[in-house]
Amino acid sequence: MEIKQLSYYINEVKIIKSEKHNKKIRVAFIGSSTLNGFEETIQVQCNEEKINCITYNSPYNQFNQEILNENSNLYKFKPDIIFLLIDNRTILENLFYFTNIDSKIEYKKFLEEKFNQLSNLINIITKKTKSKIIIMNFVIPTYSSLGIFESKIEYGVKEIILDLNKKLKEFSRNKDSCYIYDFNSFVTKFGEKNILDYKKMNYGDIQIDFNLIPYLIYEFLGYVKPILGLNKKCIVLDLDNTLWGNIVGEDGFEGIKIGPYPEGRSFIEFQKVIKSLSENGIILAINSKNNQKDAMKVINEHPYMILRKNDFSCIKINWNDKISNMKEIAKELNIGLDSIVFFDDDPVNRELIKMSIPEINTIELPKDPSNYAQILRNLNDFNVLKITQDDTKRRIMYEQEQNRQKLESSTENLNEYLKKLNIKIKIKLDDKFSIARISQLILKTNQFNLTTKRYQEEEIKQFVDDQTIIVGCAEVEDKFGESGITNVFIIKKNSKEWVIDTFLLSCRIMGRGIEEAILGKILEIAKDKGIERIKANFILTEKNQPTKNFLKNYGFEKDGENWIFLLKNKIKIPDYLEVELNE
Amino acid sequence: MNENKLFSIVAKVFNVSVNQINYQSNPENIENWDSFTGYILLDEIESEFNVKFSIEEALQIKNIENFKTILKEKGIDIEKE
């Protein structure tokens with residue numbers, strides 16, 4: 001996304017008003033200083049990401065009243081995200097100016113008071129709304145009235161802010177709906193001198209320079225995207241002049257540039273950033289026009305390469321066009337094209353992908369590779385609200401998947417193959433420890449998803465506690481390894497009829513009878529409880545075509561808008577897999 | 001030249017066409033001109049002409065004519081080619 005001047009957003013917002021998108025979010029800003037321009041910028045930036053963003057900006061410096069008054073406009077607005085933006089002058093009051101050298105005890109007391117005040121505000125918001133709360137941390141003051149002697153005192157204003165930030169972080173770590181936005185780092189990145197213009201502050205308590213507001217909002221979008229399940233899952237990389245300098249086919253193994261010298265360092269840095277993302281669950285793929293043998297030799301043997309063959313879940317090095325390679329990568333990895341970020345140094349290739357597959361985020365790269373790493377670091381696309389064990393194990397799971405595909409191509413018929421896999425399914429009901437992963441799947445699963453209803457983690461928790469609702473999930477393993485929790489279902493119980501509100505399956509395990517087995521097991525559970533019929537729904541979206549005939553093929557019958565299964569009928573569970581139920 | 005430059009900044013900030021802008025343009029006759037966008041305008045004029053307005057000068061501005069006067073005091077003649 002290209003970041004523009006503030007005046008662009010303020011004007012553009014009037015034009016985009018009529019555009020409608022499927023994804024919607026309600027964003028509230030509450031703060032202690034002037035936040036004009038925030039609403040317009042986030043609406044326009046969201047629109048560029050195909051999100052309808054509705055905003056609310058609380059009256060100037062009314063954050064206490066807005067939170068404490070339960071009939072406030074903030075609560076009436078029903079936000080999905082609240083940004084609580086309090087500046088360090090407001091929090092420090094007079095201490096911002098006057099530091100004493102021996103007031104340690106008073107300062108500690110002050111710190112406790114301020115922390116209690118803030119955590120109390122956050123607790124009230126959590127009680128009154130299901131909204132995510134993002135609280136900005138505080139900027140460490142760059143001036144001390146003590147001058148160079150500041151470093152000799154035991155506890156001063158800087159320590160108050162450091163401790164307050166630390167305590168807020170600890171507080172938010174244990175609160176699922178609350179996140180800390182590291183504004184102190186934003187100020188470090190852009191520089192206090194560029195952010196805070198005293199004339200603007202005196203004029204209208206404007207504390208962030210106009211043309212940096214769009215950069216701040218871009219970082220805020222890093223929260224919006226994962227809430228809507230729009231975070232990216234995969235980085236697709238070109239090779240020559242992207243992962244290393246020069247062209248291996250022309251300059252040879254020894255002629256490529258990567259290593260501890262000026263032209264080689266950028267690529268090491270870039271690869272390290274990529275590798276760190278992959279360790280937290282982002283999958284990597286290669287899409288390169290090259291001689292496979294030359295390129296693989298670099299990847300396997302070059303002493304300074306950081307990324308090796310095992311880091312990539314899919315490798316397309318050939319002379320096919322990049323568009324079909326890209327589509328194959330998405331297909332093999334079972335991910336949507338819209339969850340891909342693409343890096344290629346060649347502007348022609350970039351233009352090609354942008355034109356033909358606009359849903360891919362194709363990154364503009366400068367000619368000089370020195371900035372590649374920083375460009376990647378600045379992307380807001382890879383944020384997740386939770387990093388689960390499944391994420392960190394994902395790469396290994398894809399490796400197992402490739403072994404499965406090898407077995408499939410060496411086995412003659414599908415049934416034989418499925419038998420050989422020794423699939424075991426473990427179903428868990430209302431399991432509190434799985435809520436994080438369940439909500440992650442609910443937010444991001446598109447293809448095998450009967451109703452595509454999106455629920456936030458707080459709602460799932462309520463369902464788990466609700467006696468009339470079952471929240472189920474299933475772990476799957478086979479001879480090649482575990483796939484972790486890859487299925488979720490939500491059932492609403494009535495006395496004679498159960499309704500399947502949600503049923504989804506991670507697409508990497510589709511088509512092995514697992515979906516039939518889990519559905520069959522649900523039907524068996526219902527039958528055991530004396531239920532007569534199961535009602536299900538299919539809501540067609542742009543992406544869940546593969547699931548269209550699932551209910552019908554299983555034996556559900558159409559009844560108006562719904563699909564019905566009478567439990568007196570035979571319940572099918574494929575016999576080649578094992579299903580276990582943990583209640 | 002400078003007049004064009006000034007008018008196009010104003011037009012860009014308030015999202016109106018350049019030929020709607022003249023020295024009498026003010027918050028009354030330009031819909032998008034409010035205290036906040038007025039300040040954005042000041043900010044853009046400062047950076048485009050590489051000058052700084054004092055807060056007193058900033059508070060004096062009621063129309064485009066005022067910008068011309070203050071810029072002239074700072075050695076920038078808007079009406080000169």
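**Grounds for the descriptions**

Q: What makes up the secondary structure of chain B?
A: In this predicted model, chain B has 4 helices and 0 strands. Along the sequence these elements follow the pattern α-α-α-α.

Q: Why does the radius of gyration of chain B agree with that of a compact globule?
A: Chain B has 81 residues, for which a compact globule would have a radius of gyration near 12 Å; the value for chain B is 11 Å, and therefore the two agree. The C-alpha atoms fill a box of roughly 30 × 30 × 20 Å along the principal axes. Of the 81 residues of chain B, 25% count as buried. Among contacts in chain B with a separation of 6 or more, 49% are between residues 24 or more positions apart.

Q: Which elements of chain B supply the side that touches chain A?
A: The contact involves 12 residues from chain B and 10 residues from chain A. On the side of chain B, α1 (2–14), α2 (35–49) and α3 (55–60) each supply at least two residues. The most comes from α2(B), with 7 residues. By class, this side of chain B holds 6 nonpolar, 3 polar and 3 charged residues.

Q: How is chain A divided by the domain assignment?
A: The assignment gives domain 1 (6–227), domain 2 (234–378) and domain 3 (409–582) of chain A. Between domain 1 and domain 3 of chain A, the C-alpha centres are 41 Å apart.

Q: Why are β8 and β10 of chain A called edge strands?
A: The open sheet consists of 5 strands in the order β8-β7-β6-β9-β10 (chain A), with parallel pairing. β8 (312–318) and β10 (361–362) of chain A each pair on one side only, and these are the edge strands.

Q: How do you know that β6 and β7 of chain A pair?
A: Pairing requires at least two bridges. Strands β6 (residues 234–237) and β7 (residues 283–289) of chain A have 4 bridges, in the parallel sense.

Q: What makes strand β3 of chain A mostly covered?
A: A residue is buried if 20 or more other C-beta atoms lie within 10 Å of its own. In β3 (residues 81–85) of chain A, 5 of 5 residues are buried. Both faces are covered: I81(A), F83(A) and L85(A) are buried on one side, and I82(A) and L84(A) on the other.

Q: How many bridges join β3(A) to strand β1 of chain A, and how many to strand β4 of chain A?
A: Strand β1 (residues 23–31) of chain A runs parallel to β3(A) and is joined to it by 5 bridges; V27(A) has I81(A) as its bridge partner. Strand β4 (residues 132–136) of chain A pairs with β3(A) in the parallel sense over 4 bridges, and L84(A) has I135(A) as its bridge partner there.

Q: Which residues touch the most other members of the largest nonpolar core?
A: I25(A), I81(A), L84(A) and V224(A) do so, in a core of 71 residues. Helix α11 (residues 213–227) of chain A gives the most to this core, with 8 residues. Beyond its neighbours within four places in sequence, V224(A) is in contact with I25(A), C46(A), I51(A) and I81(A). Another core, of 48 residues, lies apart from this one and includes L441(A), W498(A), C507(A) and I522(A).

How values were computed. Residues are numbered from 1 along each chain as its sequence is written. Chains are lettered from A and ligands numbered from 1 in the order in which they are written. This is a predicted model: local features need pLDDT of at least 70, side-chain atom pairs count only at pLDDT 80 or more; totals for chains, interfaces and linings use all residues. The radius of gyration is taken over C-alpha atoms; the globule rule is 2.2 Å times the number of residues to the power 0.38. A residue is buried if 20 or more other C-beta atoms lie within 10 Å of its own, exposed if 12 or fewer, and partly exposed in between; C-beta atoms are placed from the backbone. Two residues are in contact if their C-beta atoms, placed from the backbone, lie within 7 Å. Ala, Val, Leu, Ile, Met, Phe, Trp, Tyr, Cys and Pro count as nonpolar, Asp, Glu, Lys and Arg as charged, and the others, Gly among them, as polar. Domain bounds come from an automatic or database domain assignment. A nonpolar core is a set of buried Ala, Val, Leu, Ile, Met, Phe, Trp, Tyr and Cys residues joined through C-beta atoms within 7 Å.
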